[in-house]
Amino acid sequence: MKNFELPPLPFAQDALAPHISAQTLAFHYGKHHQAYVDNLNKLRVNTPFEESGLEEIIRKADGALYNNAAQVWNHTFYWNCLSPQGGGQPSGALAEAIDRAFGSFDQFKAQFSAAAAGLFGAGWVWLVCDSKDRLAILPTPNAGNPIREHKEPLLVIDVWEHAYYLDYQNKRPDYIAHFFELVDWKAVESRF
Ligand code: MN
């Protein structure tokens, strides 16, 4: 059995400031994400998932094992949605699909932001597509993951308080606005 490892951040810990501080990343990546990896490695011992990949655990496991596996996957995906050179708008086929699904990029941004601000408690808000390339906004509480629902994740925002509390305290909408200054649309386009 090979342990899962914390993947390296795709940017320096201070590279997302001022939108997300180095202090937030030190805790969010260095402590929270690491803890999910460590818990996953402990929890899968003596289960049918000892040789399973992360996505198989997410599709089939339940309870704490599912929660920690999904949190490992979700955080890695979240880091790979962000870039110090991010922001702006998507282009090409993704931009057209967003216009078809939501009317315009601005309407998508408003709906995604409202879903992120409105998710009660902890969780994630995703932009997903189905097998016919139709887009949707999918809020998932706690450790929810679209793979479980047979949807393809394109973009995610983490709205657990640990994602923003050091920088924005209770002002989740401020964090959401700053998140959009970091979205790596080229990476999102490449998933579509
Ligand atoms: Mn998080």
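**Figure 1. Pro-18 in the segment before helix 1.** Pro-18 is placed in the segment that precedes helix 1 (22-43); helices (H or I, at least four residues) and strands (E, at least two) are DSSP runs numbered from the N terminus. The peptide bond between Ala-17 and Pro-18 is cis, with omega about 5 degrees. Most peptide bonds are trans. The model is predicted: local features need pLDDT of at least 70, side-chain atom pairs count only at pLDDT 80 or more, and totals for chains, interfaces and linings use all residues. Residues are numbered from 1 along each chain as its sequence is written, and side-chain values use heavy atoms, with hydrogens and water left out.

**Figure 2. The manganese site.** The manganese ion has as protein donors His-28 (NE2), His-75 (NE2), Asp-158 (OD) and His-162 (NE2), at 2.0 to 2.1 Å. Donors are N, O and S atoms within 2.8 Å of the metal (3.2 Å for Na, K and Ca); water is not among the atoms, so sites may look incomplete. Along the chain, the spacing of these donors is H-x46-H-x82-D-x3-H. His-75 belongs to helix 3 (residues 63-79) and Asp-158 to strand 3 (residues 152-158), so the pair ties together parts that are 83 residues apart in sequence. Both His-75 and Asp-158 are buried, where buried means under 20% relative accessible area, exposed over 50% and partly exposed in between (1.4 Å probe, protein chains only).

**Figure 3. Surroundings of His-162.** His-162 is found in the loop between strand 3 and helix 6 (165-168). His-162 is buried, with a relative accessible area of 17%. Its side chain makes a polar contact of 3.3 Å with the side chain of His-32; a polar contact is a pair of N or O atoms within 3.5 Å, and within protein one must be able to donate a hydrogen and the other to accept it, while residues adjacent in sequence count only if both atoms are side-chain atoms. Leaving aside residues up to four places away in sequence, His-162 touches Thr-24, His-28, His-32, Tyr-36 and His-75, contact being heavy atoms within 4.5 Å.

Figure 4. Leu-94, Ala-95, Ala-97, Ile-98 and Phe-102 are buried in helix 4 (residues 92-102). Viewed down the helix axis, the buried residues fall within an arc of 160 degrees, so they line one face of helix 4; the arc is that of the directions from the helix axis to the C-beta atoms. They pack against helix 5 (105-118), strand 1 (123-129), strand 2 (135-141), strand 3 and helix 8 (185-191). Glu-96 and Arg-100, on the other side of helix 4, are exposed. Gly-103 follows helix 4 and has a positive phi, near 100 degrees.

Figure 5. Most residues other than glycine have a negative phi. Asn-46, in the loop between helix 1 and helix 2 (54-60), has a positive phi of about 65 degrees. Asn-46 is exposed, with a relative accessible area of 72%. Asp-133 lies in the loop between strand 1 and strand 2, and its phi is positive, about 60 degrees. Asp-133 is partly exposed, at a relative accessible area of 42%.

**Figure 6. The contact between domain 1 and domain 2.** The domain assignment, whose bounds come from an automatic or database source, gives domain 1 (22-79) and domain 2 (92-191). The contact takes 21 residues from domain 1 and 22 residues from domain 2. Between them the domains bury about 1,800 Å², 60% of it on carbon and sulfur atoms; buried area is the accessible area (1.4 Å probe) that two parts lose on being put together, summed over both. Thr-24, Phe-77 and Tyr-78 supply 35% of the area that domain 1 buries against domain 2, more than any other three residues.
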